[in-house]
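This briefing is intended for a reader with the sequence and the coordinates at hand. Please consult the display below alongside the notes that follow it.

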Amino acid sequence: MDDRPLHPPRLGTIVSGYEIPVINERAVRAAAGLLFLGGIIAYGFAISAGSPKALQPFGILFMIDMMLRISLGDRWSPSLALGRLIVGRQSPEWVGARQKEYAWWLGFGLALVSCAGMGLLAAPFWITLVLCGLCLLLLFIETAFGICVGCTLQSLFDKTAPRYCPGDSCGTDPAHTHLSTSSSATPSTR
């Protein structure tokens, strides 16, 4: 009998050997790289023009992408769909979906504040550059180094510690049951 839930989780997927919903870190990093590329181009145009107008379309697209991830689920994100296509032939690296949700909430919040600053609030150009620069820095850290900002946020704000972090950086899964080759193997002591 299959013990999988009738409906897939909103974020991530259920994978045998993992106790929580997980998401393919390779696809997330590819999507972050695509967003970083679009953002850094818009950032460059904005600096050269001395106006945030070039950042506005990117900011709106970025905010919509993050909003789709956190409200409807990761399956509805255009950048993640493209990221999955790009890395489709690679073996997945499964990480906890919950900590990615924290990172996406941060991205959505930064995009919302940046877009409001560029539009409704008419913030000074340098404030827009700082906010967008921070967002681009976080995207770069994700794509280039695989550093999980969401893991840090989850460990600070959630009762449940992050699990299955990229590169085993959470340190909360010492058994790594999903990686063990034998369920009866026990560590030797000397």
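This is a predicted model: local features need pLDDT of at least 70, side-chain atom pairs count only at pLDDT 80 or more; totals for chains, interfaces and linings use all residues.

Residues are numbered from 1 along each chain as its sequence is written, and side-chain values use heavy atoms, with hydrogens and water left out.

**Overall fold**

- The protein chain has six helices and two strands, where helices (H or I, at least four residues) and strands (E, at least two) are DSSP runs numbered from the N terminus.
- Along the sequence, these elements follow the pattern β-α-α-α-β-α-α-α.
- Of the 190 residues in the protein chain, 39% are buried; buried means under 20% relative accessible area, exposed over 50%, and partly exposed in between, with a 1.4 Å probe and protein chains only.
- Among contacts in the protein chain with a separation of 6 or more, 73% join residues 24 or more positions apart; contact means heavy atoms within 4.5 Å.

**Helix 1 with helix 2**

- The axes of helix 1 and helix 2 come within 9 Å and cross at roughly 155°; axes are lines fitted to C-alpha atoms, for helices over the stretch in contact, and angles run from 0 to 180 degrees between N-to-C directions.
- Helix 1 and helix 2 are therefore roughly antiparallel to each other; angles under 35 degrees count as roughly parallel, over 145 as roughly antiparallel, 65 to 115 as roughly perpendicular and the rest as oblique.
- Helix 1 passes helix 2 in a left-handed crossing, a term for a near helix turned anticlockwise from the far one by less than a right angle, clockwise being right-handed.
- From helix 1, Ala31, Leu35, Gly38, Gly39, Ala42, Tyr43 and Ala46 meet Leu55, Phe58, Phe62, Asp65, Met66 and Arg69 of helix 2.
- The contact of helix 1 with helix 2 comprises nine nonpolar, two polar and two charged residues; Ala, Val, Leu, Ile, Met, Phe, Trp, Tyr, Cys and Pro count as nonpolar, Asp, Glu, Lys and Arg as charged, and the others, Gly among them, as polar.

**Helix 4 with helix 5**

- Helix 4 (residues 97–118) and helix 5 (residues 125–145) have axes that come within 9 Å and cross at roughly 155°.
- That crossing makes helix 4 roughly antiparallel to helix 5.
- Helix 4 passes helix 5 in a left-handed crossing.
- On the helix 4 side, the contact is made by Lys100, Leu106, Leu110, Val113, Ser114, Gly117 and Met118, and on the helix 5 side by Thr128, Leu131, Cys132, Leu134, Cys135, Leu138 and Glu142.
- By class, nine nonpolar, three polar and two charged residues form the contact of helix 4 with helix 5.

**Nonpolar core**

- The largest nonpolar core has 31 residues, and those with the most contacts inside it are Leu55, Phe62, Trp104 and Leu139; such a core is a set of buried Ala, Val, Leu, Ile, Met, Phe, Trp, Tyr and Cys residues joined through side-chain atoms within 4.5 Å.
- Two or more residues of this core come from each of helix 1 (25–49), helix 2 (55–71), helix 4 and helix 5.
- Helix 1 gives the most to this core, with eight residues.
- Leucine 139 touches Ala32, Leu35, Phe36 and Phe62, not counting residues up to four places away in sequence.

**Individual residues in helices**

- Glutamate 25 is placed in helix 1 and is buried, with a relative accessible area of 0%.
- Not counting residues up to four places away in sequence, glutamate 25 touches Glu93, Val95, Lys100, Glu142, Gly146 and Pro166.
- Leucine 34 also lies in helix 1 and counts as partly exposed at 31% relative accessibility.
- Leaving aside neighbours within four places in sequence, leucine 34 is in contact with Ser79, Leu82, Gly83 and Ile86.
- Leucine 34 and leucine 139 are 105 residues apart in sequence and 9.3 Å apart in space, C-alpha to C-alpha.

**Backbone with positive phi**

- Most residues other than glycine have a negative phi.
- Alanine 122, found in the loop between helix 4 and helix 5, has a positive phi of about 50° although it is not a glycine, and it counts as exposed at 58% relative accessibility.
- Tyrosine 164, in the segment after helix 6 (149–157), has a positive phi of about 60° although it is not a glycine, and it counts as buried at 4% relative accessibility.
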